[in-house]
Amino acid sequence: MVTQLPMYQVDAFASRVFSGNPAAIVVLEESSQWLEDKVMQAIAAENNLSETAFIKRRENDTYDIRWFTPTVEVDLCGHATLASAHVIFSHLNHSSATVSFSCKSGALSVEKKGDVLALNFPTDILQPVALADSENREVVEAIATGLSLTPLEIYRGRDDYLIIADNEYQITALKPDMAIVSTIPARGIIVSAPGTAADFVSRFFAPQSGIPEDPVTGSAHTSLIPYWSKKLGKTTLKAQQLSARGGELFCLDRGACSEYGGTKRVEIGGHAQTFMMGQIFV
């Protein structure tokens, strides 16, 4: 039996189409079960975008959400969550200014603030990696060789490594050796430095997850925002991701939030544009 499902393609963290990070959003019926994992993975591979999100409304007007790259399911994705919220606000008749999501990483929410959508995500916990420690030698060498960059600092987050470079030029000039980067045991590699037109800039490489370079990575900013907030001594920051498509993010370090049990949170804001809407048959 063929199932027909609505699907949208949205450019996230984009003030115009053909910029930011495209994501596909598949909307499942409220009362339905998830599709089989292998089917969702096949849809994501067919779309061949960095992320395909699957959303399913609950009775209390929250949504369950799952994310797939072309090759693997991931626990958290910022730009596809932003894109999903855009679909819910713009195409699914959601009347509230906030939409809540439930996922493997816990409770997430997106608030509509004028024409900006603000993700509310838990802060990543960064552990410094000692550059001269023999225990870390293989990873440090793979990072330095794979990026052709001498890191100022390296941190390990829950899923990714965060690499700090000296300046924005070093970020734009990066031409990673993806074969080497793919051997680093992580979801991906964030590389960041102070910005010229923004407080900080970054790029994100994840050949390990089937994404050589992600155009704009919301989830990476759960690491970047607390780092740069502390470094620069400010809680409100502007960020740019310097991929070929480019992306602009409006960031807030919210610190410990009582409404989330005292856990530390960040807001990651951006625009989103619908590029395509239609039906898929699976």
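Guide: Phe18 lies in the loop between β1 (4–12) and β2 (21–28), where helices (H or I, at least four residues) and strands (E, at least two) are DSSP runs numbered from the N terminus. The model is predicted, so local features need pLDDT of at least 70 and side-chain atom pairs count only at pLDDT 80 or more, while totals for chains, interfaces and linings use all residues. Residues are numbered from 1 along each chain as its sequence is written, and side-chain values use heavy atoms, with hydrogens and water left out.

Although Phe18 is not a glycine, it has a positive phi of about 70 degrees. Phe18 is also exposed, with a relative accessible area of 57%; buried means under 20% relative accessible area, exposed over 50%, and partly exposed in between (1.4 Å probe, protein chains only).

Together with Phe275 and Met276, Phe18 makes a nonpolar surface patch of about 320 Å². Patches consist of residues with over 30% relative accessible area and no salt bridge, with like charges joined within 9 Å and nonpolar side chains (Val, Leu, Ile, Met, Phe, Trp, Tyr) within 5 Å; a salt bridge is a side-chain nitrogen of Lys or Arg within 4 Å of a carboxyl oxygen of Asp or Glu. Accessible areas come from the Shrake-Rupley method with a 1.4 Å probe, and for residues only the protein chains shown count as cover. Phe275 is found in strand β18 (residues 272–281) and is partly exposed, because its relative accessible area is 40%.

As for the surface as a whole, the accessible surface of the chain comes to about 12,500 Å², of which 50% belongs to carbon and sulfur atoms.

In soluble globular proteins, nonpolar side chains tend to be buried together. Here buried residues make up 54% of the 282 residues in the chain, and the largest nonpolar core has 51 residues, with Phe13, Ile55, Trp67, Val99, Phe101 and Ile268 having the most contacts inside it. Helix α2 (residues 78–91) gives the most to this core, with seven residues. A second, separate core of 22 residues includes Leu147, Ile171, Val181 and Phe205. Such a core is a set of buried Ala, Val, Leu, Ile, Met, Phe, Trp, Tyr and Cys residues joined through side-chain atoms within 4.5 Å.
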